[in-house]
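Thanks for coming. I will go through one structure today, region by region, and define the terms as they come up.

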Amino acid sequence: MKGKFPIDKFQEIDTPFYYYDTQLLRQTLNAIKAEVSKHEGFVVHYAIKANANPKVLNIIAQSGLGADCVSGGEIKASLSAGFPADKIVYAGVGKADWEINLGLDKNIFCFNVESIAELEVIEELASIRNKKARVALRINPDVGAHTHSNITTGLAENKFGIAMRDMENVIDVMSTMPHVEFIGLHFHIGSQILDMGDFVSLCNRINDLQKQLIRKRIVVPNINVGGGLGIDYTHPNRVAIPDFKSYFDTYARHLNLSHGQTLHFELGRAVVAQCGSLITRTLYVKQGTAKQFAIVDAGMTDLIRPALYQAYHKIENITSDGPIATYDVVGPICESSDVFGKSVDLNETRRGDLIALRSSGAYGEIMASQYNCRKLPVGYITEDL
Ligand SMILES: *Cc1c(COP(=O)(O)O)cnc(C)c1O
């Protein structure tokens, strides 16, 4: 089954471009809200880095989600899209002074802090401003996720977070800092996680850490478990909305929250991946010695995931009903890794046909580059066409 697209309208637009199906985006946001409302104290932030297209951000902000930022630029983007500052959390191993100052000046909800060195800078910058920075410690839980090794973040070998054994020491240091308020613990174990067991492992780790803190009579008001819920890249139509029920139920069942604790989530991919497609036009069909190539006008500069992580995207010829044939679908960039898919079954493809790369709403447009002096792809939402 192919996706349904407004093809007549597509014919009037220069390719390549991103198309966001806002009906599906709204359905996804409603599904999140419906599941979250079943659990007291659950709060969801959208991870801006997955897709910061202003029109997409605006719809997500209107739905009431908070924002999870990893840079000052993302804080600015989320504020202009209408996310309230008191729903913004800010993580990142390398926060520059201007970024910390921006967060302080805008009174964001929380800095997710990843080292003592960073804590010291926040204390200093907050004291200059005579402010108190709300801080959660990002703990590296040393939990592996069953996902691509480039997108695990919660292993001891990763650069992220504070090691569990250092946690108590960091808390002691923090208690001497008058301009820092310790309000929570933060975790994020990786991305494109489909095995709920990985999240159960994280819950068990957090339960242990909380017990350790309770022995020191410390109860923080906020626990933030990050994001990482994966999507079904193989079946973008059949599983258009991720299984949010299992995801939130897993945390409800396995994480022991203390009375009054708020549980924060930071979902990126699961919110936006399925509503987006990269639409590209076939330039040439080239017969190789052993293969035939469909050469399209989008490349790894528009969607880098296949080249970067060998990621799979379902590829469809959305303007042909011809008999199925097999193609390597490749872009025009001067890199051998500029391949969207090898041995892809497509309806018979000719010059001019439109090709959709499905499930590209997350880590697609936002990762585009101008390598080869190319134009950045434009993103359109349903209402634009
Ligand atoms: C990337 C990131 C997320 C979102 O990850 P997804 O896999 O897109 O849900 C959440 N929190 C932090 C700290 C991140 O770096």
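Cover here is counted by contact, which is heavy atoms within 4.5 Å. Helices (H or I, at least four residues) and strands (E, at least two) are DSSP runs, numbered from the N terminus.

Before I go on, two notes on the source. This is a predicted model, where local features need pLDDT of at least 70 and side-chain atom pairs count only at pLDDT 80 or more, while totals for chains, interfaces and linings use all residues. Residues are numbered from 1 along each chain as its sequence is written, and side-chain values use heavy atoms, with hydrogens and water left out.

Back to α5, which spans residues 97–105. Its buried residues are Glu 99, Ile 100, Asn 101, Leu 102, Gly 103 and Leu 104. Buried means under 20% relative accessible area, exposed means over 50%, and partly exposed is in between, with a 1.4 Å probe and protein chains only. After α5 comes Asn 107, with a positive phi near 55 degrees.

**The cores**

Next, the nonpolar cores. A nonpolar core is a set of buried Ala, Val, Leu, Ile, Met, Phe, Trp, Tyr and Cys residues joined through side-chain atoms within 4.5 Å. The largest one has 96 residues, and those touching the most other members are Tyr 46, Ile 60, Phe 111, Leu 137 and Phe 248. Helix α8 (residues 196–215) gives the most to this core, with 7 residues. Another core, of 9 residues, lies apart from it and has Phe 17, Tyr 19, Ile 279 and Ala 356 among its members.

What does Phe 248 contact, leaving aside neighbours within four places in sequence? The list is Ile 32, Glu 35, Val 36, His 39, Phe 42, Val 44, Phe 265 and Leu 267.

**The ligand**

Around the ligand there are 14 residues, the closest being Lys 49, Ser 191, Glu 266, Arg 269 and Tyr 363. A polar side-chain atom of Lys 49 is 2.7 Å from a ligand oxygen atom. From the backbone, a polar atom of Gly 228 lies 2.9 Å from an oxygen atom of the ligand, and an N or O atom of Gly 268 lies 3.0 Å from one. On its own the ligand exposes 390 Å², and the protein buries 94% of that. These areas come from the Shrake-Rupley method with a 1.4 Å probe.

The Asp 328 side chain makes a polar contact with the Lys 291 side chain at 2.8 Å. A polar contact is a pair of N or O atoms within 3.5 Å; within protein, one must be able to donate a hydrogen and the other to accept it, and residues adjacent in sequence count only if both atoms are side-chain atoms.

Ser 63 sits in the loop between α3 (54–62) and β3 (66–69). Ser 63 is buried too, with a relative accessible area of 13%. The Ser 63 side chain reaches the backbone oxygen of Ile 60 at 2.7 Å.

Lastly, Lys 159 lies in the loop between β6 and β7 (162–163). Lys 159 counts as exposed because its relative accessibility is 60%.

How values were computed. Near = heavy atom within 4 Å.
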